[in-house]
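Dear colleague,

Please find the structure below, handed over for your review.

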Amino acid sequence: MRRESTEGLRVCWVDTMRYTTPLSATQAKKWQALTETLGVEIYVTSFAPGLRPHRFTQHAHFILYPQLPVAVLRYLTLYTLAPLLTLWLVFTRNIDVLIAHDPNVGFAAGLTRRIAGLFGRSVALVVETRGDFEQNVFHQRRVTFKAIYRRLMRWTAQDALRQADALRAVSAETRDQLLRWQPDKPIMQFMSWTDAEAFIRAERPCLPSKSSEIVFAGTLVPGKGVHLLVEAFGRLAANFPQARLTLIGQPKRPDYLEELHVQIKRLGIDERMTFVGQVSQPELAAHMARGRVFVLPTYTEGLPKVVIEAQFTGTPVIATTVGGIPELIEDGITGWLIPPDDVEALAARLHDVFTAADMDAVGARGREFALQFFSPAVYVKNYGDLFLLAYNARHA
C-alpha cells in the first residue's frame, strides 16, 4: 500500500558517528526536527565514545556499541553487531526503513534486510554517500594491504547499492558516482545537517577586510591539505607580518601532526599559528566570524558543510575545485576556487586576499548564497520525501 505521509513511520539509522549523552546542541536540534516535524520514530545504531556500550533516548533512541581503537576492529564490530541490533529492532520495533550512512555501512544494513526477508518482514533500505566512497578512506589514513582493502570496500559497496530501494547524495559529483554504480535507482540530493542558526547569529568583531586571521576547520589529515595551507601561509607571512593562521580540528594521525609541527618550525611561523582542537558549533562559528578568510585546501570532498558554515558568518572562502565545492562557490563572486594540490595557487590567492578591496562584498554575497542554499526546514522535508520514496519503492 502506498504511503502519502511519514506519520507513524519507524526508521533506523545504521551509522558510524560517535554519539554522546546528552547529545550536543547541534545533534539534538537535528533529531528533534526530524522526529517532531515528520512524526517518525527514529532508532540509531552507532558507536559510543569509548569502550563501553550505551543506550539512551533523546528525541531518537540510541543503541551504541563500543568504539574499539583500531579501524579494522571497528569494521568488525560494525559488520557483526549492527546486523544483530538492527534485526532485533526490525522484529521488536517494526522498523519500516533502514538508513545506511554510506555504501560500506550499507552492507551491514543489507544483511539485516536479507535475513528479515527470509522471515517475511519487508524493510526498505536507503544508502547514503557524503563523499567519494571509493577513495576517501585512502586520503584519511594509511591503509595496510591497500589492494585487498579496496577490493573488499568495492564488494561491500556494490552489494549495498544493489539492494538499496533509494539513494541519497550530497552533491552533483556524489550523485554521478552513484549513477555510475546503480543507474536505475531513484536518487535524492541534499546537503547534510548543520546548525545554521549558530553560524547565522555569530557576531563578527569586525568586517573581513579588517581581520588578519586565516581559518581552517576540519580533521587534520593529509587529505584535507593542511600541509599545503601551512606552506602557503609560510610564504605569505614575510610580506604580511600581521597575518595569523588558526587550525581547528582533531588530528587522526599522530605522525601527520608531527610532520606539521616540523614544517611549521622550518618555516619559522610557530608564533603566528594556533592549534584548536575539536569545538562545539557555536565555538566554531565564533572562530569563523573572526576570520578574514576561511581556507579548505582539500583533495577530496562530497559537499563540505564547513564552506556553508563559513559563508553564513560572512567570511569569504578559498577552497579547491573538488567534489561539490564548485556548487557552493562562484569563483571571484562568492569566494575563490583553486586547483587541488597547488601550493603556488593557494599562496597567490592568499596574497590577493590580503590586498583585495572587495573582501567584504565577497563575504556578503557568500552569506546571501548560503541563506538560500540551506535551511533546516528544507533538510527535514527532504528526509521525509526520502523516507516515503524508499518505502513506496519497496512496497510497490
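**Salt bridges and a buried helix face**

Asp 165 and Arg 113 join their side chains in a salt bridge, with N to O at 2.4 Å (a side-chain nitrogen of Lys or Arg within 4 Å of a carboxyl oxygen of Asp or Glu). Asp 165 sits in the loop between α5 (146-163) and β7 (166-169) and Arg 113 in helix α3 (residues 103-118), so the pair ties together parts 52 residues apart in sequence. Helices (H or I, at least four residues) and strands (E, at least two) are DSSP runs, numbered from the N terminus. Asp 165 is buried at 11% relative accessibility, and Arg 113 is buried at 8% (buried: under 20% relative accessible area; exposed: over 50%; partly exposed: in between; 1.4 Å probe, protein chains only).

The model is predicted: local features need pLDDT of at least 70, side-chain atom pairs count only at pLDDT 80 or more, and totals for chains, interfaces and linings use all residues. Residues are numbered from 1 along each chain as its sequence is written, and side-chain values use heavy atoms, leaving out hydrogens and water.

A second salt bridge links Glu 301 and Lys 224, with the closest N and O atoms 2.6 Å apart. Glu 301 is buried at 9%, as is Lys 224 at 14%.

In helix α13 (residues 343-353), the buried residues are Val 343, Leu 346, Ala 347, Leu 350 and Val 353. They lie on the same side of α13, because their arc around the axis is only 120 degrees (taken from the directions from the helix axis to the C-beta atoms).

Yours sincerely
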